[in-house]
Amino acid sequence: MSTVELARRAVAEARGDALAHVTRERSLMLRFADGRPTQATALEDVSVELAVVRDGHVGRAATNDPDGEALAGCARRAEAAADAAAAASRRGVHPGFGAIGAARDGTGEGHDPSTAELDPSVGGAALSEVFAVAAHHGLSAHGIWSAAEQERGVATAWGHAAVDRTTDAYMKVICIAPGGRSGYDAQTAVAAGALQAGRLAERAAAKAAVPGDPVELPPGEYPVVMEPHATGWLLDLLGDTALNGLAHAEERGALAGRLGQAVAAPTVNLADSPRAASTLPRAFDAEGVPKAPMPLIQDGVACAVVHDRHSAALASTASTGHATAPGGHQHGPRPVNLVLAGGGAADLDELCAPVERGIYVTRLWYANVVRPKETLITAVTRDGTFLIEDGRVTRPLRDLRLTDSVLRILSRTSDLTAGQELTSDGEFYGRRFAYGVLCPGLRASAVRFTGPAG
Amino acid sequence: MRELLSDLMDAAAKRAEYADARFVHTCVERLSTRNGAIDRLDSIEEEGIGVRVRAGGSWGFAATGGTGKADAEAALERALAVAAAQPPASGAPLAPEPPARGHYESPADRDPFAVPLEEKLAVLVAAEAGLRTEPGVVLTLARFEALRVDKLFASTEGALCGQRLTECGGGLTAVAVNGDDSQSRSFPASHGGHVEQAGYEHFISLDLAGAAPRVSEEAAALLRAPACPPGRRTLVLAGEQLGLQVHESLGHAVELDRVLGREASYAGTSFVPPDAIGSLRLGSPHVSVTADAGSPGGLGSFRWDDEGVEGRAVPIVRSGVLAGFLSSRETAAEIGLERSGGCMRAQGHARQPIVRMTNVNLEPGDAGTLDDLIAATDDGLLIDTNRSWSIDNRRLHFQFEGEAAWEIAGGERGRLLRNPSYAGVTPRFWASCDAVCSPSEWGLVSLLDCGKGEPGQVMRVSHGCAPARFRDVEVGVA
């Protein structure tokens, strides 16, 4: 049964205003460590999320059992929750699902039939290729190869319905040298056939194999060149702290009172672009609201935050199609197709050229928000941190802890590479929802580092 | 289901060196009130079967939401196919373990799922009203959650055992804003409050309504409080902040899969070498840590882990010296341990078991009560609730920030400070521990969102601890 048919059946079990969001996941993930396979996971499952609205309150229930009895039970639980909320509290703010407009079916741009076959031998061959490259360089190889097909269906009690079929593929390679130096590269795409396992391994190996003892830098502010993987981490955290419409509506957001003001360098143009080439296209959000391109920061000026129907109601505006759960996620909406426009530098080498002495960052890791209203975050560099001297990468650096404000880094951004990469961490908690940030490499005139790492 | 899994393992035994299967049924209920309105009412029910095989030296795992015979057999086929498709590997033997048999239920006086929704909401509404008393507080939250997991485990070695684990708890948060500054206070802890393996009685025992006015006052007071000045200070850590310190810097560092490099691609490795039991100093003589799968109320408590190993207490640090690891049957055998530490846990049916913390507890010392410890401290800071955390991939260099700190001056608790961050290096930090409070102060804190594994798994763990003191710590770093 298709997900949209399942969504219709779930909604039919509920009384009154209701929406069902159904996700079917088929996925495969192969892990490897030290040049051998370690864990492999194949999943086939479906999630039915049913939201019922009573007097502005949302009651939600979920099941992974598509059986009619289970759907009826799910509907009873969602209704009981919504009824209890309506009885226990003043009117809620959720406007219901009647006016979501016609959710559109996915166009198929984000779906690759070959990837959807989930042939484990394709992944096995990718692992073999990586192992061969690492062995050739005398390095150990660690990482994952993963691919998935996902179908999402949505239906409301008002008769709206839509379906979106997508695929995604991801590979990450970390090569580790006998002395402990490591290098990293990763790739995210709609099609597994686009993943270049050998190239990823060569690039990771090249970083791990850079000779010389790591230099240690004291805490302080340094000019920085970041690869797209590191830039993507920063922008993803910006999505949580500044672009989240719920935090904004509750005055906790970093852009509260700052829309229309310069918050980044004029070279920064950030949008949520669900149909841009090289992203993971998505047709609608978890409330069935169609996705559309949306500028967020233009020429350094903050212009919008994203909303689901709950946060939009609090802000007296309309949903922008960024719900991650029907009725709204407790942490609020988030942009999942962030695109940072490229700049004028031909490549990362050109970004390094004006830097007299600075830090080259391949990736950030274990990033966490310290103070959301300041967009202050902390993270460590990992798997390829180098010293830039006289305009070029010269020596390996010991990893460092970065503690700085994302908006401050974007304010000090002096140039970007013209080319962009789709970056992702391939972290799939719960039901798989692949997303990434399409972004270029970045140079900032000063970034604050607060200590060593690693 | 018992027969289905037994038959499945009979079939698997003919085609794999080893196999196990788990049927898992999970029920979750989460309720919250936010800024005076009912906010979240979620009821989640999931079930399915996960099958893990080892064939040709490689592991394969497949999961299905279906629970019929055909679903289970298809999952077995898929697991075998995935194992076979990978490059050849030579698997280490598994540490021996007698087949687990029987049934276990964790204690719960009052089933939280049987309590009427209206009753639970009334508690939350009353508690949250107590948070909305201070100007400047822009967000108030009160939460309840309950979880029940029923699981059945079978293996090709003859194991067949079932467990029912019930958890319940909740918490409060208030966020105050002034201009570009936002400050939060939580009770009893941030990151979801305090949850125990218990029934509804635990939620009621938290007395959220009683704590609410203080939580709100402190959030507002933090906006006016001075920032924690940079420098080197004595720290007294308590509650959730100390539990998280144990979790991040010691608990993860002794996971044997990390130590052996198996998690380098995601969670990271460890500064602890695999051959360091009995020789590596991880802390001062005041520091003893035990991984105990039997701590009453702990979220890391169970009768059997998710590869059928009986839960037990494993010494991790004794008087500051490494005494053991968190291990699985495979990793234990790899370093020559006689038995697994029983630390394999999986989130639901759709994830395979990986090495996880049980209840990694800091053993109590003899420093008396928290008041006694403060009285014995001339100058320092007290931090009890976490706001931010980060640690490097070897679990060596960390940086934390609490929600609030209280200055300690002349043996007395003094003024409130905002933004109390601190940083350290794991063995040096724990070597600076010169006092741990007595058993009367020892209690569990819960962490509900420990992420690890690919695909990602969120695990719920507890840490027992009593307030402890650390000397010469770098503070005011963020």
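Q: Two residues are in contact if their C-beta atoms, placed from the backbone, lie within 7 Å; what share of the contacts in chain A with a separation of 6 or more joins residues 24 or more positions apart?
A: Such pairs account for 74% of these contacts in chain A. The model is a predicted one, in which local features need pLDDT of at least 70 and side-chain atom pairs count only at pLDDT 80 or more, while totals for chains, interfaces and linings use all residues. Residues are numbered from 1 along each chain as its sequence is written, and chains are lettered from A and ligands numbered from 1 in the order in which they are written.

Q: How does the radius of gyration of chain A stand against the globule rule?
A: The rule, applied to C-alpha atoms, is 2.2 Å times the number of residues to the power 0.38. For 454 residues a compact globule would come near 22 Å, and the 23 Å of chain A agrees with this. The C-alpha trace of chain A spans about 70 × 50 × 35 Å along its principal axes.

Q: What is the secondary structure of chain A?
A: Chain A has 10 helices and 17 strands, which are DSSP runs numbered from the N terminus (H or I, at least four residues, for helices; E, at least two, for strands).

Q: Why is B:Gly130 called buried?
A: A residue is buried if 20 or more other C-beta atoms, placed from the backbone, lie within 10 Å of its own, exposed if 12 or fewer, and partly exposed in between. B:Gly130 has 20 C-beta neighbours inside 10 Å and therefore counts as buried. In chain A, buried residues make up 67% of the 454 residues.

Q: Where is B:Gly130 found, and which residues does B:Gly130 touch?
A: B:Gly130 is in the loop between helix H3 (117-129) and strand E5 (137-155) of chain B. Leaving aside residues up to four places away in sequence, B:Gly130 touches B:Ala209, B:Ala212 and B:Pro213. The C-alpha atom of B:Val215, 85 residues apart along the chain, is separated from that of B:Gly130 by 9.0 Å.

Q: How many residues does each chain bring to the contact between chains A and B?
A: Chain A brings 77 residues and chain B brings 65. Strand E2 (residues 37-55) of chain B gives the most to its side, with 11 residues.

Q: How do strand E2 of chain A and strand E3 of chain B pair?
A: Strand E2 (residues 36-54) of chain A and strand E3 (residues 58-64) of chain B pair in the parallel sense over 4 bridges. A:Glu44 stands opposite B:Thr64 in E3(B).

Definitions and conventions: Pairing = 2+ DSSP bridges.
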